[in-house]
Amino acid sequence: MAVASGAKADDAQVARVTLDNGLRVVVVRDALAPVVTTEVNYLAGSDEVPAAFPGTAHAVEHMMFRGGPGLSKDQLAAIAANMGGAFNAQTMQSATQYYFVTPTQDLDVALRVEALRMRGIDVADAEWDKERGAIEQEVSRDLSSPDFKFYTQMLGQMFAGTPYAHSPLGTRESFDKTSAAMLKQFHDTWYAPNNAIMVIVGDVDPQETVAKVKAQFGDLPRKDLPARASFSFTPVQARTVRLPTDSPYGSVYLGYRLPGARSKDYATSLVLSGALGSQRAGLFGMGVDGTALFGGFFQDPLPEAGIGMAVGVFPAGGDAQPVLKRMQSILADAASKGIDPALVDAAKRKAIAELEFKKNSVEGLANAWSDALVMHGLASPDAMKQAIEAVTPAQVNALAKASFDPAHAITAILTPEKSGKPAEGKGFGGAESLAGSPDKPVALPAWAEQAFAKLDMPRSMLHPVSYTLANGMRLIVQPESVSDTVEVMGRVQTNADLQTPKGQDGVGEVLEGLFQFGSTELDRMQFQQALDAISADETAGANFSLRVPSGNFAQGMKLLADNELHPALPRQAFVLVQRQQAGIWSGTIQSPDFLDELGMYKALLPATDPQLRHATPQSVMSLTYDNVKDYYARTFRPDMTTLVVVGKVEPAEAKRVVEEAFGAWKAQGAKPEVDYPAVPANKAAQLHTPDSSAVQDSVRMSQMIDVTRDDDARFALNLGNEVLGGGFYASRLYRDLRDTSGLVYTVDTDFDLEKHRGRYTVSFGADPGKVEAARAVVLKDLKQMQGEPVADTDLQRAKGILLRRVPLSEASFDSIGNQLLTYAERGQPLDQGLVAAKHYLELTAPQVQQAYASHIRLDGFVTAVKGPAPKP
């Protein structure tokens with residue numbers, strides 16, 4: 001075993017090795033939570049696929065989840081579900097990544113699974129036939145997105161004659177021609193230890209973990225790898241693409257080729273994109289001067305080349321041409337006159353700060369290392385930091401001049417199309433009976449059985465400190481030391497449906513749009529400049545946030561409070577935002593998504609329910625400036641506000657800073673009611689909303705239930721939900737709808753429980769001809785949940801999943817902050833996760849059965865289908 005170059009000998013937090021068989025391994029210790037992320041990156045993606053078979057690597061990714069020698073499909077599914085975290089994969093142009101996010105206690109299991117899959121997979125014709133149905137549903141889902149359609153066309157134009165000319169997704173036509181033997185050959189050719197990089201990040205000892213990797217992977221043989229595809233890019237020919245979209249607004253895109261992730265100029269490209277996307281730059285300015293609803297710039301780097309994309313958004317019924325011309329002018333100026341050095345400097349600081357923010361998530365830090373090693377060919381994320389620091393304004397300007405040539409731009413204009421009105425659906429019954437999940441429990445390998453045999457109360461690393469300030473504001477502080485940053489999440493509890501005066505629908509949205517114009521002390525540009533100076537990100541409004549280096553915490557909080565408590569709300573900006581919101585609502589109320597959602601709510605709720613309220617262009621345009629100011633004064637109150645601070649700051653110091661920033665804020669009058677009232681059970685209904693841009697139906701089966709967020713019955717329902725629709729690979733619905741029948745690609749189940757009302761929803765996407773069969777499977781599996789207790793093994797697995805989610809919920813600053821914020825707003829203890837875990841441990845199978853029999857009505861679903869219009 002040889003030590004790879006680039007490691008610091010005295011760095012006990014990182015271990016790097018290359019095994020004798022060529023497997024490169026990097027282990028990084030991150031003590032944020034008792035969680036670990038493993039990422040196996042095979043250096044084979046869509047770049048390596050055979051000609052005319054663009055989805056081969058993607059298909060192999062799917063088949064990796066159907067088992068192999070030493071681990072059957074059902075065993076793999078059960079193991080993944082038992083581990084409770086994320087277990088998935090993604091196929092990219094130059095790599096395919098397989099990852100686990102799981103409690104540290106399950107690291108050995110994750111490594112064993114990945115070692116078995118590296119050795120080989122089962123690709124029988126029968127198994128591929130089943131998986132082909134699921135992957136074709138994924139293709140249908142993505143091709144139902146106009147933005148994805150444009151993206152695939154742009155790849156073909158921008159990278160003609162190279163592997164980048166097609167997306168990694170694949171096509172139905174290529175999958176129909178693909179055989180199981182072809183997939184096995186691809187795996188056996190490219191899936192080798194000397195063609196893989198393993199990244200492990202989490203609360204582990206790096207050297208001990210390296211020893212575990214060597215034990216599992218060390219005896220896998222090297223392979224002779226074929227030659228890889230070459231890249232020879234020809235100049236992009238200008239072209240304009242026009243497509244309809246189901247979005248409530250239109251979009252204009254201008255795409256250009258930029259340096260790739262492995263280019264010496266990539267850091268320059270990153271800074272260029274950050275400067276053009278700045279809120280102080282011209283593209284974003286289109287959204288605040290009335291040219292567009294929104295403007296910005298982003299990049300999509302591939303290893304050998306990248307895509308730079310300017311975007312402008314216009315209202316339904318609006319003219320795309322002024323937006324396009326303004327975008328072209330801004331980029332022409334960037335090419336001919338250069339970019340403001342101040343924006344370049346701010347973009348550099350922000351890009352470097354973003355690398356530090358990556359440490360605030362176990363999975364995010366693993367992704368940062370994988371990106372550095374696999375995508376960029378660097379030794380570590382720190383190498384990217386050094387490259388960014390070296391970028392000069394002259395380099396940025398030279399790249400802008402070389403890149404933004406209108407003769408080489410791909411232009412796309414996506415124009416909204418009206419949807420037909422929702423109509424009463426027909427059918428949804430009498431479908432064929434499909435085989436269900438295995439009747440007998442899955443026998444796990446002994447090493448897995450032992451890992452999951454005992455269920456214990458989970459361990460939490462959180463010890464939040466809670467304060468209530470004199471003005472009624474709730475402050476919760478969770479100190480963390482994994483990075484030199486602080487993240488702040490806050491929320492003012494409001495409900496526009498209950499707090500908006502009659503005839504003023506849309507006033508809350510207009511108010512939210514005005515927070516971007518700075519404060520009474522600092523105008524929009526000055527405020528953003530102040531944020532840029534401390535490398536901070538900030539949003540204000542009913543939901544507000546701050547990300548800032550810990551050394552700048554006090555300055556960041558001062559700016560956040562200034563924006564939140566003293567928003568400028570300029571009168572001239574009110575007129576602009578009012579018109580923008582009216583334009584947005586003009587398209588929204590005709591869009592398929594909105595009509596589908598409104599139709600669902602009308603079927604679920606009483607005709608006078610406040611949740612049916614929504615804005616219209618007319619209601620927005622009838623608003624006055626004083627309406628907006630009055631709404632702000634009435635609804636933004638400290639005694640309805642919770643603020644959570646997570647990061648490198650002591651609780652007492654955080655309290656001092658927050659009191660200084662927010663302490664003078666006072667509430668007026670009695671607290672408002674912000675929770676929807678209870679509602680009766682809905683009647684069954686069926687409706688269809690036409691969506692001409694889709695090729696697949698999006699289906700939701702939903703009903704109101706008599707369980708709320710504080711009812712003890714929620715624990716049994718949540719536990720049963722893991723058996724029926726959770727655990728992804730091992731859930732009954734996943735097996736019956738995807739694994740056995742190929743009817744859908746994914747299926748989701750959700751309990752949305754509020755203070756006075758609850759809702760249960762099953763959602764999936766399917767080809768129009770498969771919707772009735774899929775719905776019948778859902779009802780069959782629900783009937784089984786009500787008619788018989790779940791098996792002991794299923795119950796044990798579901799409990800294990802929910803117990804393991806306690807540490808998993810603490811694996812990022814964002815998830816920590818959001819769960820503490822939610823618990824506080826609901827009046828629940830801040831260790832509610834442990835409270836729930838105790839309930840789950842004590843529940844029995846008959847209690848789960850009784851909960852589903854008592855609270856889920858098989859004849860009470862509203863089935864809403866959004867998709868292609870039915871054929872006559």
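In which sense do strands β16 and β20 pair, and over how many bridges? Strand β16 (residues 474–479) and strand β20 (residues 641–647) pair in the parallel sense over 6 bridges, where pairing requires at least two DSSP bridges between two strands, and where strands (E, at least two residues) and helices (H or I, at least four) are DSSP runs numbered from the N terminus. Within this pair, Val 477 has Val 645 of β20 as its bridge partner.

This is a predicted model, in which local features need pLDDT of at least 70, side-chain atom pairs count only at pLDDT 80 or more, and totals for chains, interfaces and linings use all residues. Residues are numbered from 1 along each chain as its sequence is written, and side-chain values use heavy atoms, with hydrogens and water left out.

Both strands belong to an open sheet of 6 strands with mixed pairing, in the order β15-β16-β20-β17-β19-β18. Because β15 (465–468) and β18 (537–539) stand at the edges with a single partner strand each, one side of each is left without a neighbour in the sheet. On average, and with direction ignored, neighbouring strands of this sheet are turned by 15 degrees against each other; axes are lines fitted to C-alpha atoms, for helices over the stretch in contact, and angles run from 0 to 180 degrees between N-to-C directions. Helix α25 (residues 651–662) packs on the sheet and touches β15, β16 and β20, contact meaning heavy atoms within 4.5 Å.

Turning to another region, α31 (832–842) is one of the elements that give two or more residues to the lining of the second largest pocket, and α31 gives the most, with 6 residues.
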